[in-house]
Amino acid sequence: MTNPVLNSVSTATATVDPGVFILRCNITDMEGSTYDTDYCSHPDDRFGLNPTIRKWLADNPLFPVQPYVPPTVEEIRALLRTLSRRQLLLALNSIGITEALIDEKLTGDVEGMIEWKNASVFERLHPLVTDLSVAFGLPPEQVDSLWVWASGL
């Protein structure tokens, strides 16, 4: 086995943390496999490939570093953990929305009822979740907070 090798860097992007970058690199790993990968480089990391990457950054000060762009609210919502049916029911019950009320809102919506009754997990941005939150007059920020709380149940 040999030390990993940095073959090239195609992009560098700043992060919210000063001096921390995400680099799109082509590397050869310790087993001899060569591939493209994203590498998160911290200024304090003295292990693995990072010293080589930090030297590359110092040797290439004119390489364009893309600025940090914070994620959108929708991107953050998409990353929220899925909830089990139990977690979702407990969360909704905590704000007075019972399973019977949900069944009532879904009357006549065969596909929605199938989703509601048979899904084992729920994603924050699933259309059923969005539709029900609108039907119950829940603002997206309240659903986000409830979702995060419920993920700990």
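This is a predicted model: local features need pLDDT of at least 70, side-chain atom pairs count only at pLDDT 80 or more; totals for chains, interfaces and linings use all residues.
Which residue in β3 is the bridge partner of C25? Select C25 and look across to β3: the partner there is T37.

Residues are numbered from 1 along each chain as its sequence is written, and side-chain values use heavy atoms, with hydrogens and water left out.

**Stop 1: the sheet**

Now select residues 21–28, strand β2, together with residues 34–41, strand β3. Strands here are DSSP runs of E with at least two residues, and helices are runs of H or I with at least four, numbered from the N terminus. Two strands pair if DSSP finds at least two bridges between them. β2 and β3 pair in the antiparallel sense, over eight bridges. Walk along this pairing and you will find I27 opposite Y35 in β3, and T28 opposite T34 in β3. The two strands form a hairpin with five residues between them, where G32 takes a positive phi near 90°.

Click on V5 to see T28 of β2 standing opposite. Six residues separate β1 and β2 in their hairpin, and G19 in the turn has a positive phi of about 80°.

Zoom out to take in the whole sheet. Four strands form an open sheet with mixed pairing, in the order β3-β2-β1-β4. β3 and β4 (65–66) are at the edges with a single partner strand each, so one side of each has no neighbour in the sheet.

How many of the eight residues of β2 are buried? Six of them are, so β2 is largely enclosed by the rest of the structure. Buried means under 20% relative accessible area, exposed means over 50%, and partly exposed is in between (1.4 Å probe, protein chains only).

**Stop 2: the salt bridges**

Side chains of opposite charge can pair when their charged atoms come close. A salt bridge is counted when a side-chain nitrogen of Lys or Arg is within 4 Å of a carboxyl oxygen of Asp or Glu. A search of the whole structure finds eight salt bridges.

Begin with helix α1, residues 50–59, and show the side chains of D59 and K55, which lie four residues apart, about one turn of the helix. Their closest N and O atoms are 2.6 Å apart, forming a salt bridge. D59 is partly exposed at 48% relative accessible area, and K55 counts as exposed at 52%.

Move to helix α2 (residues 73–79), where R77 and E74 are three residues apart, about one helical turn. This pair also forms a salt bridge, with the closest N and O atoms 2.9 Å apart. Is R77 buried or exposed? R77 is buried, with a relative accessible area of 8%, whereas E74 is partly exposed at 44%.

Then select K117 and D103, whose salt bridge has its closest N and O atoms 3.0 Å apart. K117 lies in helix α5 (residues 110–118) and D103 in helix α4 (residues 99–105), so the pair ties together parts that are 14 residues apart in sequence. Both are partly exposed, K117 at 35% and D103 at 21%. To finish this stop, highlight E74, R77, R124 and D144, which salt bridges with shared partners join into one network.

**Stop 3: the surface**

Switch to a surface view. Patches are made of residues with over 30% relative accessible area and no salt bridge; like charges are joined within 9 Å, and nonpolar side chains (Val, Leu, Ile, Met, Phe, Trp, Tyr) within 5 Å.

L153 is in the segment after α7 (140–150) and is partly exposed, with a relative accessible area of 34%.

Last, colour D109, E111, E115 and D131, which form a negative surface patch. Among them, D131 lies in helix α6 (residues 127–135).

Terms used: Accessible areas come from the Shrake-Rupley method with a 1.4 Å probe; for residues, only the protein chains shown count as cover. Lys and Arg count as positive and Asp and Glu as negative; His and the chain ends are not counted. The place of a charge is taken as NZ of Lys, CZ of Arg, CG of Asp or CD of Glu.
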